[in-house]
Amino acid sequence: MSEAEESLARMLADRPAPRTPLLRRLREDGQHAFLRVKLPTTSQEDWRFTSLAGLAARPLAFAAPAAVPADAELPPAPRLVFVNGRLDAARSDLSGLPPGVRAGSLAAALEERPAALEPHLGRIVPPPDHAFAALNAALLEDGAFLELSHGVRCERPIHLVFLTAAEGAALAAVAPRALVVAGAGARASVVEHHAGRGAYLSVPVTELALAEDAQLEHARVQEEGAAAYHVALLQVEQRARSRFTSQSIALGGAVARVEARARLAGEDATCDLHGLYVGQGQQVLDHFVHVDHAAPRATSRQLFKGILDGASRGVFAGRILVREGAQKTDAGQVNSNLLLSRDATIDAKPQLEILADDVKCSHGGTVGQIREDQLFYLRSRGVPAALARALLTWAFAAEMVEHVGPEEVRARVRRAVTARLPAGELLREVA
C-alpha cells in the first residue's frame, strides 16, 4: 500500500462509528470499497494522463475543525457554508428561499429525516469500484441537502460554499458532499464554490436527482489552493423531459479532476455540460465526462475549452454511451484548447459507444495557438502586443464564461478567469 493508503486505513479504523444507521452503512461500504480498489494509477485507462503519484506518496490526516477565513469572499444569500467538511451555521444564510425549498445540513437530515435521504444518498453515484466515490463515503461527516418540492420555482441561485483550511505536514483530507433532489416540474439554480488554502486532498461528491419536467441549472467554480489535490464527482440522474445544465470552471489546485456523469433515464431529457479550465505553472486540470443515454429522444451537448500556459497539462475525456433502444438520441461533443506556451500540453480523448441505429451523434475538437494573422490585425491598429494577446485569449474564454447563468456568479468568474490569464490586468475594463 502507498503512504496515503496506509494513513487512510489507520484513520478510518480508529474513528468511532456514527449513530445513524444510514451514515454507518455508507461509511462502512465506502471504507471496504476504497481499501479494496485503492488509488487509481496511470495503468488504468481512465487515468492514463493524470498521475496521482504525488498524492500516493503523502500521508493524510483528518482536517481539523476550522472557522471561515476572515478574508473569505462569501456569495449572497441563500447560502450554505462548510469549512473542512462541516457546516458553519453562523456564516450560512438561508434567507430568501421560497416555500417548498428545504436546504440544510446533511448530518442533521441524517439524524432527523433519514427516510428522505434513503432513496437517493449513495444510490446515484457509480458502483462501489469508483475509488473516490468510495473515499468520500468513508470520510463523510456532513454536507448539503437541498430539496425542491413539486412545481416550486426558486428565482435566486442557491450557493453551496465548500472551504478548506489546512495546516501541518500531512495532507488534510476533506470530503464535501451535496445531495440535490428536484421534484417534478421544479426549477432552480445551484452554485458550488470550492476554495481553500494549505496542502489538502478534497474529494467532493455531488448527487442530483431530477424528476419529470424538472429544470436545474448548476455551476461549479473550483478555486482550490495551489498545493491542493481536488478529485470531484458530479452525478446526475434525469427523468422524462427534465433539463440539466452545468458549467464547470476549473482554475485552482496542483492536480484537479472533475468527473461529470449524467444518466438520461427518461424520454426527451436534455443535458448540457459545459466547462472551462485555465492552467498555469505545473498544474494538471482534468475533465472526465460520461453521458449515458438510456432512454429514447434524449439530447445532450458537451462543450469544453482549455487555456494552458507554462508547463501545465489539460486532460479531456468525453464519453457518450447510447444504449440499445435509445432511438432518436441527439448527442454532440466539442473540446477546444488554446496553448499559450511550448511546454503546455493537452490530451483529448473523445469516445462514442452507440448501440442504437437511429441516432445523431458527433464529436470534434481543436488544439492550437494564438493565430498570427489575428495578432497582426490588432497590432496594425495600434494595440500593444501584450494587450492584443490578452484580448485574443479572453475572446477564446469568454464564450464559456457567458454560459455561467447567475449574473453575480458570472461576474465573479469573469474576474477570476481574467486574473489568471497572461497580462490579465489589462483586461479589467474590457472584460
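Analyst: Two strands count as paired if DSSP finds at least two bridges between them. The model is predicted.

Start with strand β12, residues 215-223. Strand β9, residues 187-197, runs parallel to β12, and nine bridges join the two. One place to look is V191, which stands opposite A219 in β12. Strand β12 is also joined to strand β14, residues 243-250, by eight bridges, and these two strands run parallel as well. Here R220 stands opposite S248 in β14. Strand β12 therefore meets the definition of pairing, at least two bridges, with β9 and with β14.

Next come the aromatic rings. A search of the whole structure finds three aromatic pairs. In one of them, the ring centres of F82 and F162 are 5.2 Å apart and the planes are at 20°. Planes under 30 degrees apart count as stacked, so the F82 and F162 pair is stacked. This pair links distant parts of the chain, since F82 is in strand β2 (residues 79-83) and F162 is in strand β6 (residues 158-165), 80 residues apart. F82 has a relative accessible area of 0% and is buried. F162 counts as buried too, at 4% relative accessibility.

Another pair is formed by F304 and F316, with ring centres 5.2 Å apart and planes at 40°, so this pair is tilted. F304 belongs to strand β18 (residues 299-308) and F316 to strand β19 (residues 313-322), 12 residues apart. Both F304 and F316 are buried.

Rings also take part in contacts with charged side chains. R257 lies over the face of W47, 3.8 Å from the ring centre. K305 has its charged end over the ring of F396, at 4.5 Å from the centre of that ring.

Last, the helices. Two packed helices are described by the distance between their axes and the angle between them. For helix α1 (residues 3-14) and helix α6 (residues 131-139), the axes come within 11 Å and cross at roughly 35°. On the α1 side, L8, M11 and L12 make the contact, and they meet L135, A138 and L139 in α6. By class, this contact has six nonpolar residues, with no polar and no charged ones.

Key. Residues are numbered from 1 along each chain as its sequence is written. This is a predicted model: local features need pLDDT of at least 70, side-chain atom pairs count only at pLDDT 80 or more; totals for chains, interfaces and linings use all residues. Side-chain values use heavy atoms; hydrogens and water are left out. Axes are lines fitted to C-alpha atoms, for helices over the stretch in contact, and angles run from 0 to 180 degrees between N-to-C directions. Helices (H or I, at least four residues) and strands (E, at least two) are DSSP runs, numbered from the N terminus. Contact means heavy atoms within 4.5 Å. Ala, Val, Leu, Ile, Met, Phe, Trp, Tyr, Cys and Pro count as nonpolar, Asp, Glu, Lys and Arg as charged, and the others, Gly among them, as polar. Rings of Phe, Tyr and Trp (its six-membered ring) pair if their centres lie within 6.5 Å; planes under 30 degrees apart count as stacked, over 60 as edge-to-face and the rest as tilted. Buried means under 20% relative accessible area, exposed over 50%, partly exposed in between (1.4 Å probe, protein chains only). A charge sits over a ring if NZ of Lys or CZ of Arg is within 6 Å of the ring centre and within 35 degrees of the ring normal.
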